[in-house]
Amino acid sequence: KGSRSTRMSSGSLQTNWDFLDGIYLITTEGGDERVLRTRKQLEKVGMWGKVQVRTFKTDDEDRVRGCYTSHMNVLSDVAKTMDGKDDYKILVLEDNLETTTRMSPDTVDKVREFLGRESGKDGFDVFHLAYMMYVPGLFLKDIKEENVRKMYTDASSAVGTSAYIVSKRGVDAMLANNKAVGFTEAVPNVMSRLFPESRYAAYPMVFHRAGKINSLVNPQLDDFRKVMFTPTMYTNWEKLMVGTGLQNNQLFPGLMVTLLFSV
């Protein structure tokens, strides 16, 4: 456990994920095609054999609530499975992700090393291997850690839940919040509110929300995603955020020009 990532050949994306205590993939009934597509992505990086698939019914009355409930159910299962452990690291995935063009086993190695040092009661709560970089209020801070950035957001910033690592402390906090107030907002908003100082992200991102997969929660934005979630767009935006050190609110005017040019 904790060994360096292995490469099957030059340029291989095969990666060692043994530093994680569990990997869960959330999908919905009838989502076999989405799972198959995701499986192909995860096989490229050597992860699929460790993945546990959790299938849930769609909540047609409130898709945001349905997404929230599925994540809470997975975290509840994690808490039961890991009962008695002082700490753990669990990766939660959704069935709409893809590997990024800059995904590298070396990046994952640096993430593993960072999380190994940051485990425990004073460590991280959530570490994003994927996030939506276009949301208002998002800011990534350079903390002098190779391939790692600290994430700051406004309370309403929804950076997505396509791929995130959560610690025991993070699981406990989200389950306690769920027990206290139940569903009131989307999971990304809950994270922004609960963890203002304890979230991090991989740089470059390892995964990203696939733009060509339709959303089950807010399909009205699918056309927007097809433009904004292309590898060229999200890679350049990620470089811009990290390179300038600016908050998204300051970068949005340039984003709008880029969007209009792309359209």
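**Ground rules.** I number residues from 1 along each chain as its sequence is written, and I work with side-chain values from heavy atoms, with hydrogens and water left out. As the model is predicted, local features need pLDDT of at least 70 and side-chain atom pairs count only at pLDDT 80 or more, while totals for chains, interfaces and linings use all residues.

**The sheet.** I took helices (H or I, at least four residues) and strands (E, at least two) as DSSP runs, numbered from the N terminus. Two strands pair if DSSP finds at least two bridges between them. On that basis I found an open sheet of 8 strands, with mixed pairing, in the order β2-β1-β3-β8-β5-β9-β7-β6. Which strands stand at the edges? They are β2 (51-56) and β6 (139-145), each with a single partner strand, so one side of each is left without a neighbour in the sheet. From one strand to the next, the twist averages 30 degrees.

Within it, Leu 25 stands opposite Leu 93 of β3.

**A helix on the sheet.** Helix α3 (residues 105-118) packs on the sheet and touches β3, β5 (126-128), β6, β7 (148-152), β8 (163-167) and β9 (199-202). Contact here means heavy atoms within 4.5 Å. The direction of α3 makes about 160 degrees with that of β9; axes are lines fitted to C-alpha atoms, for helices over the stretch in contact, and angles run from 0 to 180 degrees between N-to-C directions.

**α2 against α4.** The axes of α2 (residues 63-81) and α4 (residues 168-181) come within 10 Å and cross at roughly 125 degrees. The two helices are therefore oblique to each other (under 35 degrees is roughly parallel, over 145 roughly antiparallel, 65 to 115 roughly perpendicular, the rest oblique). From α2 the contact takes Tyr 68, Met 72, Leu 75, Ser 76, Val 78 and Ala 79, and from α4 Val 171, Met 174, Leu 175 and Asn 178.

**α4 against α5.** I found α4 and α5 (residues 187-194) packed at about 110 degrees, with axes 11 Å apart, which makes α4 roughly perpendicular to α5. Ala 173, Met 174 and Asn 177 of α4 meet Val 190, Met 191, Arg 193 and Leu 194 of α5.

Where is the cis peptide bond? It joins Tyr 203 and Pro 204, with omega about 0 degrees, and Pro 204 lies in the loop between β9 and β10 (207-209). Lys 144, in strand β6, has a positive phi of about 60 degrees although it is not a glycine.

**Aromatics.** My search of the whole structure gave 6 aromatic pairs, taking rings of Phe, Tyr and Trp (its six-membered ring) with centres within 6.5 Å. Trp 17, Phe 19 and Phe 207 form one aromatic cluster.

Technical notes
Rings of Phe, Tyr and Trp (its six-membered ring) pair if their centres lie within 6.5 Å; planes under 30 degrees apart count as stacked, over 60 as edge-to-face and the rest as tilted.
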